[in-house]
Amino acid sequence: MLNVVIFGAPGSGKGTQSIHLKDKYGLIHISTGDLLRAEMAAKTDLGKMAENYIVEGQLVPDEVVIGMLEDTIKKNPEAKGFIFDGFPRTLAQGEALDEILKKFGQEISIVISLEVDDEELIDRLLKRGELMGRSDDNRETIESRLKVYYNQTAPLKEFYAEQGKLVEISGKGSIEEIFASIAEAVDKVVAEKKE
Ligand code: ADP
């Protein structure tokens, strides 16, 4: 199996690049943000609870997203691999993901970290807010999300660097250029697996 974590700050392009990865490598794309927004739209209890965190730019509690993620993995026993987009976002989630994959005899193959500076991130998110009307793409919430990213999520880079799995890629440039760099890194891992 090929299991890719696509990592980066809000607005770094994780979702966009995940779609390309999914098409090229035939993987199942799991976006915890999309799963949570689907729960919100369906007005489930989980969705209503999550909404309070999301509109504030805070993280939904670990046990909730970890449970949701494990359920999604279990629902896809035939998968050739997964793309984890927006998960893990805390060290506890990172450790949980390793444990869950271990239960299936699997592990993370590579962690792609998309690097984009704050000015560009804020710009992109404000534009997305105008286009898509996402309730968390407003200036105040964007600022909290960036703080949360640097305080709670960015430390995971060290966790994956220690495992020798982290690859940092510039998230600036055209979508195609960025994807070409990502595919190069993923192809290398695929080739190593075959050896
Ligand atoms: P972005 O990467 O642009 O912030 P996402 O769709 O990944 O967009 O996430 C939107 C919001 O959903 C986050 O700000 C957070 O509140 C919640 N969320 C998504 N994934 C997680 C997660 N793994 N853990 C906790 N909260 C999450």
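Helices (H or I, at least four residues) and strands (E, at least two) are DSSP runs, numbered from the N terminus. The model is predicted: local features need pLDDT of at least 70, side-chain atom pairs count only at pLDDT 80 or more, and totals for chains, interfaces and linings use all residues. Residues are numbered from 1 along each chain as its sequence is written, and side-chain values use heavy atoms, with hydrogens and water left out.

Strand 1 covers residues 2-8 and contains Asn3. Asn3 counts as buried because its relative accessibility is 0%; buried means under 20% relative accessible area, exposed over 50%, and partly exposed in between (1.4 Å probe, protein chains only). The side chain of Asn3 comes to 3.2 Å from the backbone nitrogen of Phe82. That distance falls under the definition of a polar contact, a pair of N or O atoms within 3.5 Å; within protein, one must be able to donate a hydrogen and the other to accept it, and residues adjacent in sequence count only if both atoms are side-chain atoms. Contact in the wider sense means heavy atoms within 4.5 Å. Not counting residues up to four places away in sequence, Asn3 touches several residues, among them Gly81, Phe82, Phe84, Leu101 and Gln106.

Gln106 sits in the loop between helix 5 (91-103) and strand 4 (110-115). With 23% relative accessibility, Gln106 counts as partly exposed. Leaving aside neighbours within four places in sequence, Gln106 is in contact with Met1, Asn3 and Leu101. Gln106 and His20 are 86 residues apart in sequence and, C-alpha to C-alpha, 23 Å apart in space.

Next come two details of backbone geometry. Phe87 and Pro88 are joined by a cis peptide bond, with omega about 0 degrees. Pro88 is placed in the loop between strand 3 (81-85) and helix 5. Lys43, in the loop between helix 2 and helix 3, has a phi near 55 degrees, a positive value in a residue other than glycine. Lys43 counts as exposed, at 61% relative accessibility.

An α-helix has 3.6 residues a turn, so residues three or four places apart point the same way. In helix 3 (residues 45-54), the buried residues are Gly47, Ala50 and Ile54. Seen down the axis of helix 3, these buried residues fall within an arc of 70 degrees, so they line one face of the helix; the arc is that of the directions from the helix axis to the C-beta atoms. Asp45 and Asn52 are exposed on the other side of helix 3. The buried residues of helix 3 pack against helix 2 (32-41) and helix 7.

Helix 4 (residues 62-74) contains Glu70. Its relative accessibility of 16% means that Glu70 counts as buried. Glu70 is in contact with Ile100 and Lys103, leaving aside neighbours within four places in sequence.

Helix 6 (residues 118-132) has 15 residues, which at 1.5 Å a residue should span 21 Å, and its end C-alpha atoms are 21 Å apart, in agreement. The expected span is 1.5 Å times one less than the number of residues. The buried residues of helix 6 are Leu121, Leu125 and Gly129. They cover an arc of only 70 degrees around the axis, so they are on the same side of helix 6. Glu119, Glu130 and Leu131 are exposed on the other side of helix 6. Just after helix 6, Gly133 takes a positive phi of about 65 degrees.

The buried residues of helix 6 pack against helix 7 (139-153). Helix 7 has 15 residues and reaches 20 Å from its first C-alpha to its last, close to the 21 Å expected at 1.5 Å a residue. Buried residues in helix 7 include Thr141, Ile142, Arg145 and Tyr149. The buried residues of helix 7 pack against strand 1, helix 3, helix 6 and helix 8 (156-162).

The ligand remains. It is surrounded by 20 residues, the closest being Lys14, Thr32, Arg37, Gln58 and Gly86; a residue is near a molecule if one of its heavy atoms lies within 4 Å of it. A polar side-chain atom of Lys14 lies 2.9 Å from an oxygen atom of the ligand. For Arg37, a polar side-chain atom is 2.8 Å from an oxygen atom of the ligand. An N or O atom in the side chain of Arg134 is 3.1 Å from an oxygen atom of the ligand. Taken alone the ligand exposes 540 Å², and the protein buries 96% of that; accessible areas come from the Shrake-Rupley method with a 1.4 Å probe, and for residues, only the protein chains shown count as cover.
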